[in-house]
Amino acid sequence: MMSSDNMKKVVLVTGANSGIGLALCKRLLSVDDQIHLCLACRNMQRAETARAALLCSHPGADIALLKVDVGSLKSVLEAAKELKQRYRRLDYLYLNAGIMPNPRIDFNAFINGLFSRKAIHMFATGEGLLTQEDQVTEDGLQNVFATNVFGHFILLRELEPFLCQSEKESLVIWSSSSNARRSAFSLTDYQHTQGKESYSSSKYATDLLSVALNNHYNKQGLYSSVVCPGLVMTHLTYGILPPFFWTLILPIMLLVWLFKQKPESLDPLAKYYSCTSGLGSNYVKPVKMDLDEEAAEAFYQKLLDLETKYRCWQNVK
Ligand SMILES: NC(=O)C1=CN([C@@H]2O[C@H](COP(=O)(O)OP(=O)(O)OC[C@H]3O[C@@H](n4cnc5c(N)ncnc54)[C@H](OP(=O)(O)O)[C@@H]3O)[C@@H](O)[C@H]2O)C=CC1
Ligand SMILES: CC(C)=CCC[C@@H](C)[C@H]1CC[C@H]2C3=C(CC[C@]12C)[C@@]1(C)CCC(=O)[C@@H](C)[C@@H]1CC3
């Protein structure tokens, strides 16, 4: 017989202690307060604060914490080991943790874009406006790629036995972005060591990976989706511009979203955009992604090669 704890859906959210991750956890609990929610965070103090906040709004909620730095392979492997000891199932895996380090705005591009036909598109995607300074991690990987893509990929690979179970389906949901652009990504430099748009490249990589995961795992009951949460005021966006600046440009942003509103089964080649506006409309719109399945497969094979290399390296150390 299964105990009621074994029957509870297990939901894991990375980057759950702030911003979109924390808001998502709150929302998940308001939709179903019978889930077992696991907040996967790199800083346990911030994780405790998030759990306390969630328990304030949902006092009976079943919330656990897991320490994981998705930018470190050692930490990811340890976290996966811990999860395998704790749980027998995993129903939803939200791969949400993400960084955009040292963002810079190209003000000239902004002024030019403002008076061009691409103004709306520029405000919705940030195309051409943002650059970042990336660093190399202790594993020798580009930090943005390691955090936003590869650490999550290894976590998923480690949790494969839980996610691929014959009796039930599991869903992996990636926090992608409208800033994911084909032109920022290159298969020959998928870690984006050369350019200055590591964020955009990592989000495009996420989109490719999700498509490849569906091709490889759907038969085993694992489904992957990418979502675009829209432009949300979080630590990430406050790292680009200070809060007062956002308040100043908010009216322009609202006009953009108003202009883009148009109401409409999960499509593996679509990204799900949040189109919630400040004026009340609340819906999600599937948008076809700008990618092809061959590129997705080629990128997936490169990740498998990199995985093999790092697993050998971990064994040697
Ligand atoms: N805000 C926006 O407008 C948009 C955001 N997104 C995406 O949404 C996701 C969440 O971002 P958002 O909520 O805005 O930003 P926040 O900075 O508020 O949240 C990011 C979360 O990720 C965690 N995190 C970062 N690096 C690591 C790491 N190495 N290991 C574990 N956790 C880590 C942070 O933890 P800590 O507190 O310890 O730093 C934090 O909990 C990101 O993937 C982002 O790219 C997509 C589109 C738009
Ligand atoms: C300098 C002035 C007056 C305005 C600059 C506005 C931009 C900084 C801003 C416009 C669109 C924004 C945007 C993002 C960042 C900031 C902008 C470029 C994102 C790239 C942030 C992260 C994401 O994932 C995207 C969904 C955002 C898209 C829009």
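How many residues surround ligand 1, and which are the closest?

Mentor: First, the ground rules. This is a predicted model, in which local features need pLDDT of at least 70 and side-chain atom pairs count only at pLDDT 80 or more, while totals for chains, interfaces and linings use all residues. Residues are numbered from 1 along each chain as its sequence is written, chains are lettered from A and ligands numbered from 1 in the order in which they are written, and side-chain values use heavy atoms, with hydrogens and water left out.

Now your question. Ligand 1 is surrounded by 29 residues, and the closest are Arg42, Asp69, Tyr199, Val232 and Thr234. To be near a molecule or strand, a residue must have one of its heavy atoms within 4 Å of it. By class, this shell holds 10 nonpolar, 15 polar and 4 charged residues. Here Ala, Val, Leu, Ile, Met, Phe, Trp, Tyr, Cys and Pro count as nonpolar, Asp, Glu, Lys and Arg as charged, and the others, Gly among them, as polar.

Next come the elements. Helices (H or I, at least four residues) and strands (E, at least two) are DSSP runs, numbered from the N terminus. At least two residues of the shell around ligand 1 are supplied by each of helix 2 (19-31), helix 9 (198-217) and helix 10 (235-238). Helix 10 gives the largest share, 3 residues.

Then the polar contacts. A polar contact is a pair of N or O atoms within 3.5 Å; within protein, one must be able to donate a hydrogen and the other to accept it, and residues adjacent in sequence count only if both atoms are side-chain atoms. Gly15 takes part through its backbone, where an N or O atom lies 3.3 Å from an oxygen atom of ligand 1. Asn17 uses its side chain instead, with a polar atom 2.8 Å from an oxygen atom of the ligand. In the side chain of Lys203, an N or O atom is 2.9 Å from an oxygen atom of ligand 1. On its own, ligand 1 has 890 Å² of accessible area, and the protein covers 93% of it. Accessible areas come from the Shrake-Rupley method with a 1.4 Å probe; for residues, only the protein chains shown count as cover.

Around it are 23 residues, and the closest are Phe107, Phe123, Ser177, Ser178 and Tyr199. By class, that shell has 18 nonpolar, 5 polar and no charged residues. Taken alone, ligand 2 exposes 610 Å², of which the protein buries 94%. Helix 5 (107-114), helix 6 (119-125) and helix 11 (243-260) are the elements that give two or more residues to this shell.

Now the chain as a whole. The protein chain has 12 helices and 10 strands. Of its 317 residues, 50% count as buried. Buried means under 20% relative accessible area, exposed means over 50%, and partly exposed lies in between (1.4 Å probe, protein chains only). The chain exposes about 16100 Å², and carbon and sulfur atoms supply 56% of that area.

Two strands pair if DSSP finds at least two bridges between them. A crossover is right-handed if, with the strands pointing away from the viewer, the path from the first strand over the helix to the second runs clockwise. Strand 2 (residues 36-41) and strand 3 (residues 62-67) pair in the parallel sense over 6 bridges, and Ala40 has Leu66 of strand 3 as its bridge partner. The path from strand 2 to strand 3 runs through helix 3 (residues 44-57), and this β-α-β crossover is right-handed.

The side chain of Asn179 reaches the backbone oxygen of Thr125 at 2.7 Å. His192 is found in that loop too, and its phi is near 60 degrees, a positive value in a residue other than glycine. Most residues other than glycine have a negative phi. His192 is buried, because its relative accessible area is 8%.
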